[in-house]
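Please find below a short note for a reader who is new to this structure. It should be read alongside the sequence and the coordinates.

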Amino acid sequence: MRFLVVLLVLAGCFLAGRWLVGYPSVPSRWRYTLGPGAEQRAARQALSAARSQRAAARRDADRRVSDARRRVVEIVQPLQLRVQELQSARQVLLRPGRGAAVRRELWLGELELYEHALVFTKKDTREDTRQEQSQGEGAARTAVDEELPLGGLTATFDSTRSHAFIRITRQDHSRRSAVFSLGTYDEVAVDALAEAIHNQAVKDTEFRADRQVRADAIAAEVKRVEAERAEAEERGRTEVAAATKRAHAERERADALLRNAKDTWVSQGGGLRPWR
């Protein structure tokens, strides 16, 4: 008896499942839903086929749009990376930094000379430095007061009875002088430093001119690659738009076929209109 009850419950669940999920129908017309009639079987088969076709059409449409977008990325992304690499290389050319120290044995007072920069220094007055000095931990540290790129810079030597001067003219034609007391510094040494600054500035001007030529060539390449990227992006937008339009049409066509199958099911299959 219990086995019969369980069997009836399972059969009921099975029939209810077929009705709700696959082929909804009104209870009074179940014979159409599960019946062997050719007309009902055709309606069921048409509905099932339309559902499958609709799912496949949507998958294919989504895949085409995704493929179109992926192709655009595959073309455009390397061009974007190339532009970034070129721009980074150009920045390196135009900003060489200080470079190595030049004639360190000639450095005097507040002046430090490097391959690509002249540095004016000053005593570091930070609290931690003052504490170190008060504890007798070595000479006073220095900090950068001004760092000037050497390209286009000029340096001249001048002196009086008591002082020697290295007069620096910046690229914008403004000036700054380093002052050396002849009671502390040797006039010949000051002149030698001024000469070293002048000679290194000449070298750096030539160096930067060569770098500028190379930077200009890179800028032209950047412009060409950006134009290629813009063209690729425009082609990609057109391709994606066409794929999207085609996908929309295919989805609409599949939806129309399913609607027709549902209409046929209602009129010939003897059931309620399927919910999916």
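1. The model under discussion is a predicted one. The points that follow should be read with this in mind.

2. The sheet. Three strands form an open sheet in the order S1-S2-S3, and their pairing is antiparallel. Strand S1 (111-113) and strand S3 (142-149) each have a single partner strand, so they stand at the edges and one side of each is left without a neighbour in the sheet. From one strand to the next, the twist averages 25°.

3. The pairing of S2 and S3. Strand S2 (residues 117-123) runs antiparallel to S3 and is joined to it by seven bridges. Within this pairing, Ala117 is placed opposite Pro149 of S3.

4. Aromatic pairs. The count of aromatic pairs comes to two. One of them is formed by Phe180 and Tyr185, in an edge-to-face arrangement with 5.2 Å centre to centre and 85° between the planes. Phe180 counts as buried because its relative accessibility is 1%, under the 20% limit. Tyr185, at 27% relative accessibility, counts as partly exposed.

5. Charges over rings. Arg98 lies over the face of Tyr114, 5.1 Å from the ring centre. Arg176 is placed over the face of Phe120, at 4.0 Å from the ring centre.

6. A contact across the sequence. Thr264 belongs to helix H5 (residues 187-269) and is partly exposed, with a relative accessible area of 26%. Thr264 and Arg44 are 220 residues apart in sequence, while their C-alpha atoms are 9.2 Å apart in space.

Key. Residues numbered from 1 in each chain as written. Predicted model: local features only at pLDDT ≥ 70, side-chain atom pairs only at ≥ 80, totals over all residues. Heavy atoms only, no water. Phe/Tyr/Trp six-rings, centres within 6.5 Å; stacked < 30°, edge-to-face > 60°. Buried < 20%, exposed > 50% of the residue type's maximum accessible area, 1.4 Å probe, protein only. Lys NZ or Arg CZ within 6 Å of the ring centre and 35° of its normal. Helix = DSSP H or I, 4+ residues; strand = E, 2+ residues; numbered from the N terminus. Pairing = 2+ DSSP bridges. Axes fitted to C-alpha atoms, helices over the stretch in contact; angles between N-to-C directions.
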